[in-house]
Amino acid sequence: MEKNGRFFVLNSRDDKDLIEAIGSSVRLSIINLIARETLNINEIAQKLGLPQSTVATNVAVLERAGLIETEVTSAKKGNQKRCRTAFDELLIQVIPEERIPEDSIEVEMPIGLFTNVQVTAPCGLCSPSGIIGYLDVPDSFLHPDRMSAGLLWFGTGFVEYQFPNNSLYSAKDLKVLELSMELSSETPGTNPHWLSDITLWINGIEIGTWTSPGDFGDRRGKFTPEWWKLEGSQYGLLKRWSVTDGGSFVDGVQLSSVTLTDLCLKDHHSIRVRVGVKEDAAHPGGINIFGRGFGNYNQAIVMRLYF
């Protein structure tokens with residue numbers, strides 16, 4: 001799910017639980033009703049001709065899914081829960097099941113296996129079982145246990161990874177270099193509207209910048225462990241960066257004119273991937289990188305070479 005103001009996009013592959021939340025005639029009726037006005041449980045029940053208990057149960061489902069917002073206010077007799085939609089527009093984006101072509105090579109890099117690092121607080125790392133080193137101490141990024149990290153975050157700076165350059169060993173021409181990783185902004189607590197400009201470099205060449213819409217904590221990530229407090233970042237958005245002969249893209253949207261030729265891959269035995277937030281970014285809102293054991297996608301940083 002991606003939020004932009006009061007505009008929601010549900011991904012047909014990754015947001016199945018949210019799509020199921022609206023897959024009910026009762027819940028759709030509730031959404032249609034409160035899209036026009038803010039109502040309490042009793043008012044919704046009266047207008048729809050349903051028992052209050054039925055309305056309350058279905059409102060709870062929509063609230064947990066983040067599709068409606070509620071507010072408890074004083075009433076003549078105790079309190080009342082007033083309900084409104086959390087969006088003006090709701091779109092379902094149909095995503096076909098991913099199939100990896102035979103002419104491709106994939107390498108998954110653990111997020112803690114960086115070879116160069118320069119970060120500022122707030123920062124930290126944790127594995128699926130606990131905190132690594134000390135929070136908000138950049139030197140903790142040198143801790144040997146970083147190899148097991150499933151989540152890392154920092155304010156500004158970068159982490160850099162060194163992938164093997166498997167394109168050197170293929171007889172076919174490289175057509176696409178793709179990187180996928182789960183990312184979000186980073187702020188103390190969470191804030192779904194906290195913008196951050198996240199930049200990617202490959203072999204020292206700036207590929208482009210994607211603006212993360214926020215730091216998400218409205219619900220626990222699918223793979224985020226129970227010990228990780230809900231006040232912390234829970235999940236990110238899976239972003240696919242690609243470099244082709246026609247330019248550089250994120251999720252199919254062109255970021256820059258940098259091409260595969262510009263990367264001079266034949267001159268390097270490795271492919272250096274740097275991701276971070278510039279100090280002079282328009283929105284220096286930090287970064288979370290989710291790996292295995294955290295977030296909504298049980299993967300680290302994946303590089304695919306398509307031939």
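Let's start at Pro122, which sits in the loop between β8 and β9 (124-127). Strands here are DSSP runs of E with at least two residues, helices are runs of H or I with at least four, and both are numbered from the N terminus. What kind of peptide bond joins Ala121 and Pro122? A cis one, with omega at about 0 degrees. For background, most peptide bonds are trans, and most residues other than glycine have a negative phi.

Before I go on, a word on what we're looking at: this is a predicted model, where local features need pLDDT of at least 70 and side-chain atom pairs count only at pLDDT 80 or more, while totals for chains, interfaces and linings use all residues. Residues are numbered from 1 along each chain as its sequence is written, and side-chain values use heavy atoms, with hydrogens and water left out.

Two other loop residues are worth a stop. Asp136, in the loop between β10 (130-132) and β11 (151-154), is not a glycine, yet has a positive phi of about 60 degrees. Asn203, in the loop between β14 (196-202) and β15, also has a positive phi, of about 50 degrees, without being a glycine. Are these two buried or exposed? Asp136 counts as partly exposed, at 42% relative accessibility, whereas Asn203 is buried, with a relative accessible area of 9%. The cut-offs are under 20% relative accessible area for buried, over 50% for exposed, and partly exposed in between, using a 1.4 Å probe and protein chains only.

Now let me step back to the whole chain. The protein chain has five helices and 21 strands, and its C-alpha trace spans about 75 × 40 × 35 Å along the principal axes. Of its 307 residues, 49% count as buried. Looking at contacts (heavy atoms within 4.5 Å), residues 24 or more positions apart account for 70% of those with a separation of 6 or more.

On to the sheets. Strands of a sheet pair through backbone hydrogen bonds, either parallel or antiparallel; here, two strands pair if DSSP finds at least two bridges between them.

Six of its eight residues are buried, so β12 is largely enclosed by the rest of the structure. With β8 (residues 116-119), β12 pairs in the antiparallel sense over four bridges, and Gly157 in β12 is the bridge partner of Val119. With β19 (residues 270-277), β12 forms eight bridges, again antiparallel. There, Pro164 stands opposite Ser270.

A second open sheet has three strands in the order β3-β5-β4, with antiparallel pairing. β3 (39-40) and β4 (68-74) are at its edges with a single partner strand each, so one side of each is left without a neighbour in the sheet. β3 and β5 (residues 79-85) run antiparallel and are joined by two bridges, with Cys83 in β5 as the bridge partner of Leu39. Helix α4 (residues 52-64) packs on the sheet, touching β4 and β5, and its direction makes about 120 degrees with that of β4. Helix α2 (residues 25-34) lies across β3, β4 and β5, at about 90 degrees to β5.

My last stop is Leu260, in helix α5 (residues 260-263). Leu260 is buried, with a relative accessible area of 8%. Leaving out residues up to four places away in sequence, Leu260 touches several others, including Leu174, Val176, Val243 and Leu265. Ser242, in strand β16 (residues 237-244), is also buried, at 14% relative accessible area. Among the contacts of Ser242, beyond four places in sequence, are Val176, Leu177 and Phe249. By contrast, the C-alpha atoms of Leu260 and Glu186 are separated by 31 Å, with the two residues 74 apart along the chain.

Notes:
Axes are lines fitted to C-alpha atoms, for helices over the stretch in contact, and angles run from 0 to 180 degrees between N-to-C directions.
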